[in-house]
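The report below goes through selected elements of one protein chain and how they are arranged. It is meant to be read with the sequence and the coordinates at hand.

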Amino acid sequence: MSVTVTGTATAVEFANTNRDRFVEELKALLRIPSVSTAPEHKDDVRRAAQFCADELKRIGLENIELIETATAARPGGHPLVYADLRHAAGKPTVLCYGHYDVQPAEPLNEWTSPPFEPTERDGNLYARGAVDDKGQMWMHVKAIEALMVAGGGVLPVNLRVILEGEEEVGGEGIAAFVREHGERLKADVALVSDTEMFAPETPTLCVGLRGMIYTEIEARGARTDLHSGMYGGAVPNPFVALAQVIAKLKDEDGKILIPGFYDKVQTPTDAELKAWKALPFDEEEYREHEVGSTELTGEPGYSTLERTWSRPTLDVHGMPGGFIGAGAKTVIPAKAVAKVSMRLVPDMTPAETFALYKEYVESICPKGIVLEVRLIHSGDPIVVSTDNAYVKAATEAMREVFGKESVFVRGGGSIPIVGDFVRELKTPTVLMGFGLPDDNLHAPNEKFNLSNFHRGIESIIRFLAAVGA
């Protein structure tokens, strides 16, 4: 049974009538501090998983299951949430993906309102996870609920839902599940809403994502911390060593100095570059209001969009170790750690890139220092095809909602599971996101524009109805 135009209108009307309830439900989910990287929030992550499972059951989906991903080697694994409804004979199967885990909220003092007390201001909902990805995941759930009501408990498509709790820490659990139990996620198309619109009022489909490798470099010097007055000048300092190593990873223009690093970088097509140049992008507006720096930096010869969408990067995220308390402590630490990541583009692979990086870092190890280079997690870069009926359904759905044509962009971030869907499951993937560039994902004062939240729900209703038509 497919949803007719009348049924779609009924689903949209139901969604519009229940806007306030949908937002209040989202607020309840946002109050759960499901920070996947923090062991002290392990129970909160599970509580968020159960919250999602209970809602999927309430709206009428079947075969609800919390799938455990923790193993002896990975005791900190968080559960997957699975549900399905497969009674639409002869209709395509859609796999809806989202994640219920969130980034840490620190630094807390930079939040205008507490990160886990969702607050509405100026048409936005502020909270950690508001746009990444609880709010966008909730759009899927509410669109499904609206279609269930409109169809009398029958959807226009066959449906599978998989929600993960480890996207923000690399997605190892779901990647293993896809490799070992891929048949349980078999679908004709996957729908992912964990990306953003290029600009306000601009419906957007993301057709490419950078991959990544996240690493740690641990530098060890003396056997124990030492007094800098008694030993300074005679013993190696791990922090200084890390600074010396990091300084040799990139030059002043932003070019990465690892030998062979750029050998497999794929250049975008001329058509893609032409389309990017036609986008309404104001570099000065981006610098001043979105970034807030005095100047933009990066590889010479590339535009800002090229640098963020189709060029690889290397960044340092933190250097824990030594003394960081108030006041002074003249200690030379025995060890220090630098957290370093790289964003990858087609046709780079995480394994090959990490091998090049590790070999180079070890080759520039300062005297008296022992370095350990560790891979924490990784994900492949991906460019998805736009030549299929599902992309057409998505663009038509958003045209109905926004009244204009969609633009096609790449994203600078990484969603590791998308590569697995395409490569392991051979499932075309539609990346239909409704965040905005200034939504501060991963930063203080993360928000989600509530108008986009509601338009996202309607777009997904229309997309699922069109796929099943």
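Predicted model: local features only at pLDDT ≥ 70, side-chain atom pairs only at ≥ 80, totals over all residues.

Four strands make up an open sheet in the order 11-13-9-14, and their pairing is antiparallel. Its edges are formed by strand 11 (313-318) and strand 14 (370-379), each of which pairs on one side only. On average, and with direction ignored, neighbouring strands in this sheet are turned by 25° against each other.

Strand 13, which spans residues 335-344, is joined to strand 11 in the antiparallel sense over five bridges. Within that pairing, V316 has V340 of strand 13 as its bridge partner, while D315 stands opposite S341 of strand 13. Between strand 9 and strand 13, which also run antiparallel, there are ten bridges, and A219 stands opposite A336 in strand 13. Because seven of its ten residues are buried, strand 13 is largely enclosed by the rest of the structure.

Helix 11 (residues 350-363) lies across strand 9, strand 13 and strand 14, and it runs at about 165° to strand 14.

Apart from its neighbours within four places in sequence, T353 is in contact with I213, F261, M342, L344 and M348.

Strand 4 and strand 5 (residues 124-126) run antiparallel and are joined by three bridges, with L125 of strand 5 as the bridge partner of E120.

A parallel pairing is found between strand 8 (residues 204-209) and strand 16, which are linked over five bridges. Strand 16 (residues 407-411) is mostly covered, as four of its five residues are buried. In this pair, C206 has V409 of strand 16 as its bridge partner.

| Strand pair | Sense | Bridges |
|---|---|---|
| Strand 11 and strand 13 | antiparallel | five bridges |
| Strand 9 and strand 13 | antiparallel | ten bridges |
| Strand 4 and strand 5 | antiparallel | three bridges |
| Strand 8 and strand 16 | parallel | five bridges |

E110 is located in the loop between strand 3 (93-99) and strand 4 (119-121). Its relative accessible area of 47% makes E110 partly exposed. Although E110 and N445 are 335 residues apart along the chain, their C-alpha atoms are separated by 7.6 Å. When neighbours within four places in sequence are set aside, E110 is in contact with P444 and N445.

**The packing of helix 4 and helix 14**

Helix 4 (residues 134-150) and helix 14 (residues 450-468) pack at an angle of about 50°, and their axes are 8 Å apart. The two helices are therefore oblique to each other, and helix 4 passes helix 14 in a right-handed crossing. On the side of helix 4, the residues making the contact include W138, M139, I144 and L147, and on the side of helix 14 they include F453, I457, I460 and L464.

**The cysteines**

How many disulfides does the model contain? The count comes to zero disulfides, where a pair of sulfur atoms would have to lie within 2.5 Å. C96 is in no disulfide, and the nearest cysteine sulfur to its own, that of C52, is 13 Å away. C96 is buried, with a relative accessible area of 2%. For C206, the closest cysteine sulfur belongs to C96 at 17 Å, which is too far for a bond. C206 is likewise buried, with a relative accessible area of 4%.

How values were computed:
Residues numbered from 1 in each chain as written. Heavy atoms only, no water. Pairing = 2+ DSSP bridges. Axes fitted to C-alpha atoms, helices over the stretch in contact; angles between N-to-C directions. Contact = heavy atoms within 4.5 Å. Buried < 20%, exposed > 50% of the residue type's maximum accessible area, 1.4 Å probe, protein only. Parallel < 35°, antiparallel > 145°, perpendicular 65-115°, else oblique. Left-handed = near helix turned anticlockwise from the far one by under 90°.
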